[in-house]
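Subject: Structure for your review

Dear colleague,

Please find below the structure that I am handing over to you.

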Amino acid sequence: MKSLFKHFRGDMLGGITAGIVALPLALAFGVSSGLGPSAGLYGAIFISFFAAMFGGTPTQISGPTAPMTAVSMIVIAGIIAVFDGDVEKALPAILTVFLLGGLMQIGLGLMGIGSYIRYIPYPVVSGFMTAIGLIIIITQILPALGYYPKEDSGWVQPFKPQAEELILENILREEAGEGILVLEDFQETIHRAGEITEDVIQKEAQVLAAKEASGVLGALTVLPRALKNINILELILSLITIVIIYGFKRITTKVPSTLVALILVSGVAYGFGLDYRPIETIPEGFPLPNFEIITEFRLSAITPYVFTALTLALLGSIDSLLTSVVADNMTKTKHNPNKELLGQGIGNSIAALFGGIPGAGATIRTVVNINSGGKTRLSGMIAGLLLLVILLALGPIASQIPAAVLAGILITVGVNVMDYKGLRAIPSLPKDLKIGPLKLSSEVMVMLVVLLLSTFWNLVYAVGIGLVIASLMFMKKIGDLTAKRSEVRAAGREKSWADEKGFPESLREKVFIKHIKGPLFFGTTSEFQLLADQIPITATAVIIRLGRMQYMDQSGLYAMEDVLQDLSRKKINVFFVRVLDQPRYMMERIDIIPDLVPPEHIFKSFDECVKFVLKHPEELEPHLNS
């Protein structure tokens, strides 16, 4: 307990700052999910508190995140459609899926799946971190300028025809669900369409316009309009926030400059009655558990959603553990991945019980926490408690925080989270990859692929693709290196080993000695398969020395089989010397031993093999096996 409060001051400041930054994000994710702002806030409260309490990354701040919200939105929309568009009726089933996803995360942690995240290479982490920074900076430019696309009539107007079509589609879908034969009688359709007001169309167009301007690509698309419609006050508030954050660090680092900027700029803006844009209104009221999901938690009810819940669990696990890696890089510590999945699963399960949307470790909030002084799990718990206090008592006050201030804070977070160490190393990394006329570093390519795909497409998919590319390149490098240092290659003349100096002259023309030094695996099979071409035309027997071949994978096994079958067709006898246990086990499984190399042709030492050949000269005659 004493260790928990050892860094109380830093944890308090980190938790408060992270909680404040989490507030508008939680509300936004709740709205975009389709369950409303309270669902986002409930998710942030419970996931932050319980994931921190039981998790394995002390500085991690958890809550609803963009990838998790995107998947949740699809889940929610699909289930609501099953319940005829009634959110209240669909809610127990929706929360049941979220609860099941949390329980699956707990299972992943207990099974030790989290340990495998440590195999993520540095270029993937570097690209991910830099992409996070760019995403934050680019997407916060618009609110920093005081520009909101859905409030720009010139941007919204072209979306009205699409909005009308979408509203009509919804009417037809509702009628189809109600069993109205719209193809025979359009009276009901005409009646409902007549009730559509201009305000309804305008709101739908605003939703479409905001969606089109979302994300990095959307922000860049609408940026020219934003630069023509700058709100000077909002821009000044953002710039002052950024200046204070960087300037206050020169005075002292004992108090987080982000918290100073938040309080100072917000206080001045509110105190002087400036006409600024505040964040969204905070929903009030203590969250209550939704016990209806307990009645829904039956095997027959959850079976259709098992794969959906698993998707949420896996995505949340990857998202959280990637943030854990970011936290490790910043704090120079090491997280416990399986414990982290356990904590995330507990947090998501409890959040689902209280009607919250699922979440994961949040990179932005975690970085804010660390930069503000957070050191232990207490910071994440404080962030959750702060959000609960805001919900219960400080909603009206917190609602007065200028949105531009948060935009300024997030821009500085984006600047700080980028991996400058990896970026500076780009010119000095060896150019070991050739693509056409271009030569570049394979590690730089992986970093750039992850960076670009994460920034302009999807964070989780980008990391997956980066891992695949990095793994393939790693396997090729190891294969080339092993082949270079081994004697698996068929090219060049075989060098005699020490115990071969006394090899009888009478056998030199008829017996070819092949050495394999090092593992026979997918990286060396192509060279080994050239063995038959290396054998002199006068040779009628081959001695393959396997004492230094410690390992054989499936690729190597089939390469060995192909070579031995080729030698058999050429009527060349094969002798094995000192076959180690693992390669012998592999060759016995597919009957290379005894079909292609009989037990009497396998020897423990080279001397035994030579004595056998001298004693049985008929073995040097072309054999007749097929």
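This is a predicted model: local features need pLDDT of at least 70, side-chain atom pairs count only at pLDDT 80 or more; totals for chains, interfaces and linings use all residues.

Residues are numbered from 1 along each chain as its sequence is written, and side-chain values use heavy atoms, with hydrogens and water left out.

The sheet

Helices (H or I, at least four residues) and strands (E, at least two) are DSSP runs, numbered from the N terminus. Four strands form an open sheet in the order S5-S6-S7-S8, with parallel pairing; two strands pair if DSSP finds at least two bridges between them. S5 and strand S8 (602-603) are the edge strands, each pairing on one side only.

Strand S5 (residues 511-517) is largely enclosed by the rest of the structure, because six of its seven residues are buried. Here buried means under 20% relative accessible area, exposed over 50%, and partly exposed in between (1.4 Å probe, protein chains only). Six bridges pair S5 in the parallel sense with strand S6 (residues 541-548), and Lys514 stands opposite Ile544 of S6. On to the next strand, S6 runs parallel to strand S7 (residues 573-577) and is joined to it by five bridges. Ile544 stands opposite Phe576 in S7.

Salt bridges

The whole structure holds seven salt bridges, each defined as a side-chain nitrogen of Lys or Arg within 4 Å of a carboxyl oxygen of Asp or Glu. Three of them are described here.

Arg545 and Asp499 meet through their side chains in a salt bridge of 2.7 Å, N to O. This pair links distant parts of the chain, since Arg545 is in strand S6 and Asp499 in the loop between H22 and S5, 46 residues apart. Arg545 counts as buried, at 8% relative accessibility, whereas Asp499 counts as partly exposed at 38%.

Glu151 and Arg277 form another salt bridge, with the closest N and O atoms 2.6 Å apart. Glu151 lies in the loop between helix H5 (122-145) and helix H6 (153-156), and Arg277 in the loop between H12 and helix H13 (292-296), so the pair ties together parts that are 126 residues apart in sequence. Arg277 is partly exposed, at 28% relative accessibility.

Within helix H26 (residues 581-589), Arg584 forms a salt bridge with Glu588, and the closest N and O atoms are 3.1 Å apart. The two residues are four apart in the helix and thus separated by about one helical turn. Arg584 is partly exposed at 29% relative accessibility, and Glu588 is partly exposed with a relative accessible area of 29%.

Cavities and pockets

On a 1 Å grid over the protein atoms alone, a cavity is a set of points where a 1.4 Å probe fits but cannot get out, and a pocket is an open set with protein on both sides within 12 Å along at least five of seven lines; lining residues have an atom within 4 Å of a point. Grid points are joined across faces, edges and corners, and a volume is the space filled by probe spheres set on the points.

Helix H11 (232-251), helix H12 (257-271), helix H17 (363-371) and helix H19 (403-417) are the elements that give two or more residues to its lining.

The second largest pocket holds about 370 Å³ of space. Of its 15 lining residues, Ile20, Ile263, Ile397, Ala398 and Ile401 are the closest to the centre. Helix H1 (8-33), H12 and helix H18 (377-398) each give two or more residues to this lining, and H12 provides the largest share, six residues.

The surface

Lys211, in helix H9 (residues 198-212), counts as exposed at 64% relative accessibility. Its C-alpha atom is separated by 8.9 Å from that of Lys150, 61 residues away along the chain.

With kind regards
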